[in-house]
Amino acid sequence: MIMKQTTLAAVLCSFVFSTQAQQLYVPRNVQEAYKKETRSPDGKPGKNYWQNTADYTIAVKLSPPSRTITGTETIVYTNNSPNPLQNIIMKLILNIHAPGAARQGAASADYLTKGIIIDKYSENGTEKKLRDANGNTSLRVPLTKPLASKASITLSFEWHYDVSKESGREGMLDSTSFFLAYFYPRISVHDDINGWDRMVFTDAQEFYNDFNNYNLSITVPKNYLVWATGELQNAGEVLQPSFVSKFEASKTSDKTINVVTLTDLNAKNVTTQNETNTWKWKAQNISDMAACVSDHYVWDAASVVVDNKTGRRSSVQAAYQDKSVNFKRSVEYSHHALDWLSNNWPGVPYPFPASTVVEGFADMEYPMMANDSHQEEADFQRFVAEHEIAHTWFPFYMGINEHRYGFMDEGWTTAFEYLIGVNDMGEEKATGFFKQFRVTNWVMDANEEHQIPIITPTNVLSGVGLGDNEYGKPALAYLGLKDMLGDELFRKCLHGFMDRWHGKHPIPWDMFNSFTNLAGKDLSWYWQNWFFTNYYPDIAVKDLVQTKNGYNLTIQNIGGFAVPTNLVIEYADGSKASIHQTAGIWEKDQKQAVVAIATGKKIQYLKLDNGIFMDADPSNNSWGKSATPEFNAASVKPEDLDKFLGEYVSDKLPVKISFSKEGNILVADVTGQGKVNLVQTGANTFEYTAAGALFEFTAGKNEFVLTQGGGKFTFTKK
Ligand SMILES: [Zn+2]
């Protein structure tokens, strides 16, 4: 009780201040960037904005099932910063596999390797000794003489590493299929905000890369196919003519072409029959390269117009095991994703010439590539593909620093994932999906880690706080902003921001200030509310009073987040209405909003439904009595549960689920996972929110459907 009063007093204080024009917290390094005019307080790049760049020429060789990859590269690196560089920081991300490397999670013996071993290094043609990285993912390389501003330097490396048996973001997919990512020594980003990026890669911070040009060649034995970031330069050298023709035909075909089938692979005459073939790839102004190599993955391809103004097409390809049923539709899914995302949200034409999805384990994006796992459910296969492809814009096109600001990458991608999901599955299903995957776990859990402000640098987070702050919370913030500004103004702001910063390295303040600048109104209060506070979604009906023109509804904001809501109304005459309120209702007063409802009718019942924004405590979201009351779990009698009790099995999942009861609570016991109490949400429905699991019993039948992880599984009583 006392705690509550203290909180209320604190809230009142912050309310008094919040009515004045809100100033966003600006960190000291960002203030310095404004002084140096590398960035501008109106959100634009400053007149002194700079970033560094390099040309990479990389050649790697591999011969599966040998796990060893050998590589050579030459990097021509240009220092565009105003200061000379004494050192270069190299990124050796594959050292995440080295025993003793710092990691966010445990590593199995099959994940461990010796890391990446540099065999030779030279600076401007002179061989030099490098110190051992000692399992670190960053290595400082002192230069013989400082690299002056505007000058270039040539660094050469020879290296080798073993792909890990257990695949993470990269590694062995099977004994003769490898996914290569982070596979070459890369120069870290040196920027105007923090200087060199020395962030330790602990397997959470995915990308912060400069925009470079790449020439990549991959040498593999005959009968191996290669897919990689960029465009294949020498199809005629590495493929037999009939396969070159099919691949070329795909570049103007909307329909999927099976470039290489299982029958073709079994005939062992798809590639040129040299001992080895060198596949050459080129990609310009891009942040990274990834590749997949296999002797038994089939290959589909088509292409799609991504820019209606110019008619520019992008290639869409897939490489997978023939037995993966849902991957057979992968090119069709990618075709749809590139088309929809280019023309709707973000509504900027897909910026690259190709997009290839390969079957792996990571559900992980790379520029022009995705490594996606096989899914049993077609909807979920498409959902994962769309999410990874949506990453094209954030972080790759936009050059986001995910090491610190994951919410500018995953957050935007998760917002686009919802919007394309509504198009694909309809609003109801997409909303259910989104709540289940992106919102329920943090809104319905009181753990304070969920309430760490989104602006917290990603690298200092772990656990649930990391996941919430990268995905669900910022996605809701962006979607709430879209709802509040309306699509036209929101599009103007989003496109204006993207136009200013694509191919560069925007930070959150560039985004916040660009939106305010482009919207022509101060949105600081909204950014402050969502990104700089410990808030969560929880609103309540305070009162509903009759006025001359209808009613005044007072809504109290308990959790603090500026959420939109729907007023779901039942009138005394039996008619119903739903009135939408955007987050704009919280602009003047973030603790309490008064909404005027103009009506001549008498309201019998009113409920606040926040949709995907949810509500931590829906019990105080209504007024009056509904003519069709919702299910009340408290009224369940223990004997009502008897019909559900017993042991259930599914032919799709290798688990048994037994139900018992404790009083009027149904308890599920999943083999190997222990007992959990379920929350009853309807006469025959239960959920276990921590795992995003829904249990729906079919009345009169001894079975239930489990919905979890995008899959639906029927269980029958033994
Ligand atoms: Zn993602």
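1. Domain bounds, as used here, come from an automatic or database domain assignment. The structure is a predicted model. For the protein chain, the assignment gives domain 1 as residues 53-340 together with 350-374, domain 2 as 539-628 and domain 3 as 634-717. Between the C-alpha centres of domain 2 and domain 3 the distance is 33 Å.

2. Helix α9 covers residues 410-425, which is 16 residues. From its first C-alpha to its last, α9 reaches 21 Å, close to the 22 Å expected at 1.5 Å a residue. Directly after the helix comes Gly426, with a positive phi near 90°.

3. Is α9 mostly covered or mostly open? The helix is mostly covered, with 12 of its 16 residues buried. The buried residues are Glu410, Gly411, Trp412, Thr413, Thr414, Ala415, Phe416, Glu417, Tyr418, Leu419, Ile420 and Gly421. Among the elements that cover them are α6 (330-343), α7 (378-390) and α8 (392-397). The cover also includes α10 (427-443), α11 (463-470) and α12 (472-485).

4. Two packed helices are described by the angle between their axes and the distance between the axes. Here the axes of α6 and α9 come within 11 Å and cross at roughly 110°. An angle of 65 to 115 degrees counts as roughly perpendicular, and α6 is therefore roughly perpendicular to α9.

5. Which residues form the contact between α6 and α9? On the α6 side they are Ala337, Trp340 and Leu341, and these meet Phe416, Ile420 and Asn423 of α9. By class, this contact has 5 nonpolar residues, 1 polar residue and no charged residues.

6. Thr38 sits in the loop between α2 (28-36) and β1 (53-62). Why is Thr38 classed as buried? The cut-off is 20 or more other C-beta atoms within 10 Å, and Thr38 is buried because it has 20 such atoms within that distance. Not counting residues up to four places away in sequence, Thr38 touches Ala33, Gly46, Asn48, Tyr49, Trp50 and Asp192. Of these contacts, Asn48 is 10 residues away from Thr38 in sequence, and their C-alpha atoms are 4.4 Å apart.

7. Most residues other than glycine have a negative phi, and most peptide bonds are trans. The peptide bond from Pro64 to Pro65 is cis, with omega near 5°; Pro65 is in the loop between β1 and β2 (68-78). Another cis peptide bond runs from Trp345 to Pro346, with omega near 0°. Pro346 is placed in the loop between α6 and β21 (354-360).

8. Positive phi values are found in two lysines. Lys150, in the loop between β6 (138-147) and β7 (152-162), has a phi near 75°. Lys268, in the loop between α5 (262-266) and β17 (276-286), has a positive phi of about 50°. Are these lysines buried or exposed? Lys150 counts as exposed because it has 11 C-beta neighbours inside 10 Å. Lys268 counts as exposed as well, with 11 C-beta neighbours inside 10 Å.

Notes
Residues are numbered from 1 along each chain as its sequence is written. This is a predicted model: local features need pLDDT of at least 70, side-chain atom pairs count only at pLDDT 80 or more; totals for chains, interfaces and linings use all residues. Helices (H or I, at least four residues) and strands (E, at least two) are DSSP runs, numbered from the N terminus. The expected span of a helix is 1.5 Å times one less than its number of residues. Two residues are in contact if their C-beta atoms, placed from the backbone, lie within 7 Å. Axes are lines fitted to C-alpha atoms, for helices over the stretch in contact, and angles run from 0 to 180 degrees between N-to-C directions. Angles under 35 degrees count as roughly parallel, over 145 as roughly antiparallel, 65 to 115 as roughly perpendicular and the rest as oblique. Ala, Val, Leu, Ile, Met, Phe, Trp, Tyr, Cys and Pro count as nonpolar, Asp, Glu, Lys and Arg as charged, and the others, Gly among them, as polar.
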